[in-house]
There are 4 protein chains.
Amino acid sequence: MVKAGIIGSTGYAGAEIVRLLLQHKDVEIKWYGSRSYIDKKYYEVFQNMFQIVDDKCLDDNMEELANDVDVIFTATPQGLCASLVNEDILNKVKIIDLSADFRIKDVNVYEKWYGIEHKSPQFIDEAVYGLPEINRDKVKNARLIANPGCYPTCSFLSIYPLAKEGLIDMETVIIDAKSGTSGAGRGAKVNNLFCEVNENIKAYGVLTHRHTPEIEEQLTYASGKDARIIFTPHLVPMNRGILVTAYASLTKAVTYDEVKAIYDRYYSNERFVRVLDKDVCPETRWVEGSNYVDVNFKIDERTNRAVMMGAMDNLVKGAAGQAVQNMNIMFGFDEAEGLTGVPMFP
Amino acid sequence: MVKAGIIGSTGYAGAEIVRLLLQHKDVEIKWYGSRSYIDKKYYEVFQNMFQIVDDKCLDDNMEELANDVDVIFTATPQGLCASLVNEDILNKVKIIDLSADFRIKDVNVYEKWYGIEHKSPQFIDEAVYGLPEINRDKVKNARLIANPGCYPTCSFLSIYPLAKEGLIDMETVIIDAKSGTSGAGRGAKVNNLFCEVNENIKAYGVLTHRHTPEIEEQLTYASGKDARIIFTPHLVPMNRGILVTAYASLTKAVTYDEVKAIYDRYYSNERFVRVLDKDVCPETRWVEGSNYVDVNFKIDERTNRAVMMGAMDNLVKGAAGQAVQNMNIMFGFDEAEGLTGVPMFP
Amino acid sequence: MVKAGIIGSTGYAGAEIVRLLLQHKDVEIKWYGSRSYIDKKYYEVFQNMFQIVDDKCLDDNMEELANDVDVIFTATPQGLCASLVNEDILNKVKIIDLSADFRIKDVNVYEKWYGIEHKSPQFIDEAVYGLPEINRDKVKNARLIANPGCYPTCSFLSIYPLAKEGLIDMETVIIDAKSGTSGAGRGAKVNNLFCEVNENIKAYGVLTHRHTPEIEEQLTYASGKDARIIFTPHLVPMNRGILVTAYASLTKAVTYDEVKAIYDRYYSNERFVRVLDKDVCPETRWVEGSNYVDVNFKIDERTNRAVMMGAMDNLVKGAAGQAVQNMNIMFGFDEAEGLTGVPMFP
Amino acid sequence: MVKAGIIGSTGYAGAEIVRLLLQHKDVEIKWYGSRSYIDKKYYEVFQNMFQIVDDKCLDDNMEELANDVDVIFTATPQGLCASLVNEDILNKVKIIDLSADFRIKDVNVYEKWYGIEHKSPQFIDEAVYGLPEINRDKVKNARLIANPGCYPTCSFLSIYPLAKEGLIDMETVIIDAKSGTSGAGRGAKVNNLFCEVNENIKAYGVLTHRHTPEIEEQLTYASGKDARIIFTPHLVPMNRGILVTAYASLTKAVTYDEVKAIYDRYYSNERFVRVLDKDVCPETRWVEGSNYVDVNFKIDERTNRAVMMGAMDNLVKGAAGQAVQNMNIMFGFDEAEGLTGVPMFP
């Protein structure tokens with residue numbers, strides 16, 4: 001059994017890692033890290049775990065943890081993982097970081113958008129951007145995985161085939177994204193109270209959201225062009241789910257069938273990307289609880305644009321599920337192990 | 001007292017007209033039309049009206065109604081108003097049609113997008129597109145008002161100042177809109193059941209939604225350019241509210257202050273359009289139950305684009321409130337009479 | 001114009017007082033008290049008030065306030081009003097206290113259930129329990145109103161006629177209540193986050209909720225018997241509304257018609273209590289935003305029990321609306337002034 | 001592999017059977033019955049099943065089905081299973097009926113409460129009430145399982161230990177239950193539209209709900225006394241979950257510890273019943289998607305009553321999960337096979 005430790009196990013993403021690993025046949029969780037709840041029973045924080053998990057929450061000691069486990073998940077605020085990791089630790093243990101610390105290759109871009117100093121830039125180059133559909137081979141041998149952001153995962157996988165094939169103008173990409181509220185985390189803030197979120201929809205972080213450079217970087221790699229996007233996230237009164245509606249001008253006239261063939265070529269062998277049938281739009285309810293990303297597109301001849309759409313569960317493919325998928329690749333397990341749960345509806 | 005009749009008073013928009021007129025000091029409702037509930041007490045359909053409305057529902061007889069009232073609201077499916085209206089009726093009574101029948105000036109465009117034959121195209125020219133902020137003077141003397149669609153109202157008012165001033169390229173406009181579920185009506189459909197809508201967000205009518213030509217027509221008038229837009233509506237798990245996030249390329253470099261001055265110039269005298277402070281994004285919760293449209297914008301120097309945003313209550317400014325606003329103008333009342341309710345939060 | 005001050009104007013109940021008073025023709029708000037947001041524009045806290053309220057938030061200085069206004073509303077945590085009020089203030093200004101400080105006549109009961117020392121027990125006797133349907137005459141001349149709790153208002157008015165008539169055994173009363181989340185206040189607590197409340201229902205404060213002695217006291221007055229109840233509140237994933245389902249054994253056989261006549265006798269002249277038609281159950285959606293309490297009952301011959309039901313908006317009749325109703329009585333206004341808004345649905 | 005057929009596979013309960021069986025290692029689904037969607041791909045009805053289920057929906061032919069499969073689940077309206085089943089079928093195949101047809105032993109009671117004639121009363125005696133915690137041994141060899149109702153399962157398991165031990169007066173039991181909306185089924189009815197359910201709570205079927213006699217019958221067996229209950233269901237704006245709050249007078253003074261010992265005695269070996277820690281109230285969020293029932297109780301010395309509480313997922317332990325649990329017992333599988341999913345939160 002692979003032994004896993006989770007730093008930040010009492011946030012929503014951390015708790016989702018717990019849920020998924022409990023259903024993984026080759027992994028056992030040895031360390032439920034949570035600075036806020038040290039010495040408290042984990043099930044007292046999440047009563048769904050009553051009679052399932054009997055462990056207590058432990059402090060965030062990465063040094064000690066590195067001796068005890070084979071893989072560490074850090075589901076923590078930006079900056080923490082970068083401040084804890086070092087060569088010695090990386091020699092002992094695999095790290096899958098769910099924060100943004102190692103996602104962006106240009107440390108200046110990271111420091112500008114995140115407004116914090118990067119504490120271990122020496123590992124940025126080595127870190128692998130953990131999007132298996134793109135970087136599967138690199139993930140295999142990585143010591144340090146930068147697990148992609150939720151919005152970037154859904155945005156990128158929706159757009160990727162057209163970007164890669166050069167069929168869209170990378171200076172015209174607009175991504176209008178909508179997320180359930182678990183994406184805002186479990187911190188006690190007035191803005192995330194039930195009565196503030198319920199019966200409301202709003203945009204936030206307009207033009208300034210920190211997932212913007214992450215998406216641009218990946219789209220630039222994919223297209224070979226300098227991608228300049230507008231990314232607008234919205235908060236939706238639901239628990240889980242991200243929906244992406246993206247727009248871009250086509251670089252040449254294409255038919256539905258041609259583009260469908262392209263999406264199928266990229267994704268038909270991907271276990272977790274489903275290219276929907278013609279005219280079926282992705283909806284978050286159909287992927288809830290699962291690691292799927294559902295994608296589709298429409299070609300608008302009137303305006304010579306493509307509309308690209310994607311839906312996924314922000315806590316699964318957008319965080320914990322993708323982390324487990326990366327872990328499976330790193331340890332040679334079946335890539336879908338622990339991730340075969342059928343989406344739950346309603 | 002002005003006497004009002006409502007055809008389609010048991011839909012959500014019709015019921016909202018009832019709610020607003022009950023709070024209007026110069027109007028009394030004489031006719032609660034509802035083909036589905038003939039002879040049933042109105043309050044048995046909407047128990048909030050218990051001990052407030054004692055009338056029974058009546059059939060949709062526009063001829064008879066025209067003799068009894070001063071103004072008729074038709075809150076009915078597309079095609080009904082056009083099939084009932086005639087010169088004789090229009091000579092007796094003002095009509096405010098909440099359907100799309102008289103919104104689009106080109107009958108071919110109407111028939112193509114709506115898929116039905118227009119039964120009285122002879123009144124299309126005369127009908128006034130009832131957006132008071134644009135057509136206030138024409139509304140005054142109109143016999144027949146085409147009350148704007150919910151999405152078009154919010155989309156247009158968000159974009160109007162920049163379109164009118166020629167500051168955005170009308171071939172690059174993308175409108176990503178999100179609506180509460182009351183916009184889908186009160187018909188019994190599986191897709192609108194609680195468990196289907198709750199915990200979900202989806203796009204629908206992508207590239208084919210019938211509000212597209214309505215928005216394009218109005219933007220074309222405003223800009224003097226042939227507007228070609230993409231309009232994508234989404235269904236949000238909440239009762240009321242529409243949020244619009246619109247994008248367009250700028251035709252020249254402008255600053256925030258310059259654009260703010262333009263928005264203020266167009267809207268500072270408008271009772272129901274609020275231009276928010278810098279960096280405050282519109283949210284539907286802040287306008288619920290009221291006739292306000294909250295608008296704002298951001299200028300993206302990185303991509304040379306404008307993001308234009310608007311929020312309103314789809315049943316009020318997007319339907320019943322705007323209809324009452326039009327009625328107020330037509331009958332010489334204070335434009336805000338019956339519409340002064342403070343937005344209800346939470 | 002009567003001048004009003006609100007201490008605690010940035011909680012949900014305080015904000016609802018603002019909303020209602022803005023629609024009251026004889027009152028103007030002179031003091032938006034909010035210790036948390038001193039010097040901040042009120043509309044920056046509640047953007048629905050943009051272009052409606054331009055005042056800044058002020059500190060909670062009751063002494064100064066007493067010189068400036070005619071009536072003070074305290075929508076604050078337990079203990080604050082009792083710690084601020086004094087004879088000098090009461091001689092200058094009417095006080096309507098929305099906290100529990102003066103609701104319970106036995107100070108020992110108050111201190112036991114609330115776990116705090118009462119700072120001005122000398123005013124408890126004088127304070128009038130502000131349930132107009134019961135104490136209208138006393139309210140008229142009161143200096144200090146103890147505005148009833150939300151659960152007690154709905155519970156009591158649902159049960160009152162049968163309790164008063166001696167038709168139910170006061171030792172068998174069970175009140176199972178369900179409340180929207182605005183009742184939990186606007187404090188930033190993990191338990192009230194959207195993702196914690198949404199898709200969940202729970203009981204809380206079982207056997208220990210502090211509204212228990214308040215309900216018991218009022219039921220004891222009404223029935224002349226020592227009422228011993230079980231009161232169980234539940235948290236429902238919605239913003240507004242309280243539903244009460246209460247049960248008690250009948251003291252003698254009665255028919256529906258007999259009991260209906262009793263309810264009608266008590267409530268047919270009450271503007272804000274609606275006794276529903278036979279077999280129509282109260283629902284919170286039908287009273288939202290209004291000052292109504294909808295009540296009804298069923299007689300179970302199988303078990304010789306009555307089921308008594310009530311629905312109201314916890315922020316209106318359960319807090320701010322009732323406070324305004326009390327103010328109207330105290331100042332000789334029409335009791336419904338500012339409270340005539342039709343319930344908003346959906 | 002055991003072969004399963006589902007009649008009514010496109011309702012919410014039927015779809016949940018599909019979800020659970022797809023995760024069951026020893027079962028394959030051979031027949032997706034759905035009269036409404038014959039010949040339509042199952043995944044076109046439930047897009048979550050895209051690329052998971054490729055079968056088409058088939059008609060409800062129980063005769064043919066009996067030849068093809070080993071077990072039939074009927075997730076259909078009352079009366080259908082009773083009208084289809086016969087001796088020949090029962091000799092060929094196990095039937096697990098999720099409707100009420102075989103739950104109530106007295107056919108007169110069934111016909112009175114359900115208002116329909118029972119078409120095969122000859123199988124009522126043989127049918128086993130499929131509550132494994134009570135009837136595990138009988139389930140083993142049954143040909144026909146009457147899968148319990150959702151409310152009865154949660155109500156009964158919450159009350160059972162005290163009823164069985166004679167510690168509560170069976171004439172004083174009051175069950176106040178709250179259910180998510182999936183319990184109302186997937187039929188297109190105005191009352192179940194999003195805007196009708198959202199932001200609302202209501203009681204329904206007060207004194208007349210058809211689960212009343214089912215609960216009474218089981219409580220009568222358990223207690224040996226003639227149980228006469230009041231059962232009041234409420235509709236909650238959430239998808240899944242049932243919460244039961246039950247009340248009864250104690251027959252003698254008992255302490256928390258004594259009662260806790262009793263609950264533990266009955267349930268400590270039960271895989272799917274969790275007796276919570278002292279003062280922890282069951283909440284539906286903690287069991288979502290799982291087969292757990294969480295129960296707890298409080299003893300009120302003030303009123304000499306017990307409050308008994310339970311929470312479960314109405315579609316799992318309240319329907320499909322319990323059906324699979326029964327199937328596991330009937331076929332000799334591990335009772336938890338396919339039911340080990342960890343509750344999903346949020």
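How many residues of domain 1 of chain A are in contact with residues of domain 2 of chain A? I had a predicted model open, and I started with this count. I found 9 residues on the side of domain 1 of chain A, against 7 residues of domain 2 of chain A.

**Entry 1: the domains of chain A**

I looked up the bounds. The domain assignment puts domain 1 of chain A at 2-126 and domain 2 of chain A at 151-314. I then took the separation of their centres over C-alpha atoms, which is 27 Å. Next I returned to the contact itself. On the side of domain 1 of chain A that touches domain 2 of chain A, helix 6 (residues 107-114) of chain A gives the largest share, with 3 residues. I sorted that side by class and got 6 nonpolar, 1 polar and 2 charged residues.

**Entry 2: the sheet in chain B**

I moved to chain B and traced an open sheet. It has 7 strands, in the order 9-10-8-11-14-13-12, and the pairing is mixed. Which strands stand at the edges? They are strand 9 (202-203) and strand 12 (273-275) of chain B. Each has a single partner strand, so one side of each lacks a neighbour in the sheet.

I checked one pair inside that order. Strand 11 (residues 242-249) and strand 14 (residues 305-312) of chain B run antiparallel to each other and share 8 bridges. I picked out one residue here: B:Val244 has B:Gly310, in strand 14 of chain B, opposite. I then looked for a helix on this sheet. Helix 11 (residues 256-267) of chain B packs on it and touches strand 12 and strand 13 (293-300) of chain B. I read an angle of about 160° between the directions of helix 11 and strand 13 of chain B.

**Entry 3: chain B against chain C**

I counted the contact between these chains. It takes in 26 residues of chain B and 26 residues of chain C. Which element gives the largest share of the chain B side? I found helix 1 (residues 12-22) of chain B, with 4 residues. By class, the chain B side that touches chain C holds 14 nonpolar, 8 polar and 4 charged residues.

I ended with the symmetry. Chain B superposes on chain C by a rotation of 180° with 0.0 Å of shift along its axis, at RMSD 0.0 Å. I noted this as the relation of a two-fold axis. The same surface serves both copies, and 100% of the contact residues of chain B recur in chain C.

Note on methods:
Residues are numbered from 1 along each chain as its sequence is written. Chains are lettered from A and ligands numbered from 1 in the order in which they are written. This is a predicted model: local features need pLDDT of at least 70, side-chain atom pairs count only at pLDDT 80 or more; totals for chains, interfaces and linings use all residues. Domain bounds come from an automatic or database domain assignment. Two residues are in contact if their C-beta atoms, placed from the backbone, lie within 7 Å. Helices (H or I, at least four residues) and strands (E, at least two) are DSSP runs, numbered from the N terminus. Ala, Val, Leu, Ile, Met, Phe, Trp, Tyr, Cys and Pro count as nonpolar, Asp, Glu, Lys and Arg as charged, and the others, Gly among them, as polar. Two strands pair if DSSP finds at least two bridges between them. Axes are lines fitted to C-alpha atoms, for helices over the stretch in contact, and angles run from 0 to 180 degrees between N-to-C directions. Copies are superposed by least squares on the C-alpha atoms of residues with pLDDT of at least 70 in both.
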